[in-house]
Amino acid sequence: ALCGGSVIPALFPFLVVSRLFVATGSAAALGQLLAPLTRRMLGVSGPGGTAVLLGLLGGYPVGARTAIELYQNGQCSRTEAERLLAFCNNSGPAFILGVVGTGIFASSRAGLLLYLAHIAASLCVGLLFRFYRPGEGPRPGRHAAPQFQAASFPVAFTHSITGALSSTLNICAFVLFFTVLIRMLFLSGVMGALAGGAAALLSPLGLDQAWAQRLITGLLELSSGVSSLTGAGTVTGRLSMAAFMLGWAGLSVHCQVLAFLGD
């Protein structure tokens with residue numbers, strides 16, 4: 001139900017668009033416009049700005065998938081791709097505003113606050129990572145690698161749809177696995193034991209066992225973790241926990257990106 005009702009409708013169109021952007025050369029064209037800003041602020045070339053933009057709009061793991069495709073197609077260097085992967089894999093506005101803001105907190109203002117904080121945190125990480133291997137960044141006047149050949153639209157369109165479906169099924173596989181794993185941890189009593197230990201460790205932060213269970217759930221799988229915040233607790237505490245879960249994204253999202261990285 002989670003995959004069919006939320007993951008596939010939210011992610012599949014963005015994955016198709018992001019693949020089309022890269023395959024048709026639109027990412028490189030848009031990158032030329034973004035190049036002065038992204039090069040100066042974030043230490044990445046113009047096409048890398050497309051990964052940042054799609055990452056902020058498309059949700060996990062669209063930004064990371066775009067960064068990997070830019071590198072595979074020769075539109076950015078390995079160092080630039082590594083910089084992008086550090087901060088362009090973000091939650092999209094549809095999830096934060098719709099699911100978290102309206103669904104969990106019954107407040108569009110809360111969703112907007114979380115989304116703005118999420119964007120700000122991402123860009124701060126990007127500013128820090130511009131100093132990662134500074135000698136290997138894009139140089140002024142240097143363009144994308146010339147070996148990239150844009151595909152014709154019919155070829156790019158069909159390949160984008162089939163490739164996006166494969167990527168979406170990949171994502172659903174990890175969501176399903178981690179959702180079942182969380183349920184098994186609850187039924188076996190392991191979650192209770194883990195939460196008890198975590199609560200004792202994090203008691204200075206005011207976390208009891210119920211909050212520790214929410215935290216562990218969010219560490220494993222974002223959607224399940226965020227859904228657990230509908231219960232009791234102060235709005236401030238729930239917002240803080242939601243912001244942390246959105247920033248961490250969960251092991252499920254980390255595995256989704258690792259699946260795309262290949263070698």
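Colleague: Let me start with Phe-129: at 31% relative accessibility, what does this residue count as?

Modeller: Partly exposed, as its value is 31%. The classes run like this: buried means under 20% relative accessible area, exposed over 50%, and partly exposed in between, with a 1.4 Å probe and protein chains only. Tyr-132 is also partly exposed, at 27%. Before we go on, please keep in mind that this is a predicted model, where local features need pLDDT of at least 70 and side-chain atom pairs count only at pLDDT 80 or more, while totals for chains, interfaces and linings use all residues. Residues are numbered from 1 along each chain as its sequence is written, and side-chain values use heavy atoms, with hydrogens and water left out.

Colleague: How many aromatic pairs does a search of the whole structure find?

Modeller: A pair of rings is described by the distance of the centres and the angle of the planes. Rings of Phe, Tyr and Trp (its six-membered ring) pair if their centres lie within 6.5 Å; planes under 30 degrees apart are stacked, over 60 edge-to-face, and the rest tilted. The search finds 3 pairs. One of them joins Phe-129 and Tyr-132, a tilted pair with 6.0 Å from centre to centre and 50° between the planes. In another, Phe-177 and Phe-178 have ring centres 5.3 Å apart and planes at 90°, so that pair is edge-to-face. Phe-178 is buried, at 7% relative accessibility.

Colleague: On to helices. How far does α1 reach from its first C-alpha to its last?

Modeller: Helices here are DSSP runs (H or I, at least four residues; strands are E, at least two), numbered from the N terminus. The expected span is 1.5 Å times one less than the number of residues. Helix α1, residues 2-23, has 22 residues and reaches 30 Å, close to the 32 Å expected.

Colleague: Where does α1 kink?

Modeller: The bend at a residue is the angle between axes fitted to the seven residues ending there and the seven starting there. In α1 the kink is about 45° and lies at Ile-8, shortly before Pro-9. Just after the helix, Gly-25 takes a positive phi of about 90°.

Colleague: How many salt bridges does the structure hold?

Modeller: We call it a salt bridge when a side-chain nitrogen of Lys or Arg is within 4 Å of a carboxyl oxygen of Asp or Glu. There are 3 in the structure. In one, Arg-65 meets Glu-69 at 3.5 Å, N to O. Both lie in helix α4 (residues 62-72), 4 residues apart, about one turn. Arg-65 is buried at 9%, and Glu-69 is buried at 7%.

Colleague: What is Arg-65 in contact with, leaving aside its neighbours within four places in sequence?

Modeller: Contact means heavy atoms within 4.5 Å. With those neighbours set aside, Arg-65 touches Leu-15, Arg-19, Gln-72, Ser-167 and Phe-260.

Colleague: Which residues are linked in a network of salt bridges?

Modeller: Arg-78, Glu-82 and Arg-133. Glu-82 and Arg-78 meet at 3.3 Å, N to O, and sit 4 residues apart in helix α5 (residues 78-87), about one helical turn. Arg-133 bridges to Glu-82 with the closest N and O atoms 3.4 Å apart. That pair links distant parts of the chain, 51 residues apart: Arg-133 is in the loop between α7 (108-129) and α8 (153-188), and Glu-82 is in α5. Arg-78 is exposed at 51%, whereas Glu-82 is partly exposed at 24%, as is Arg-133 at 39%.
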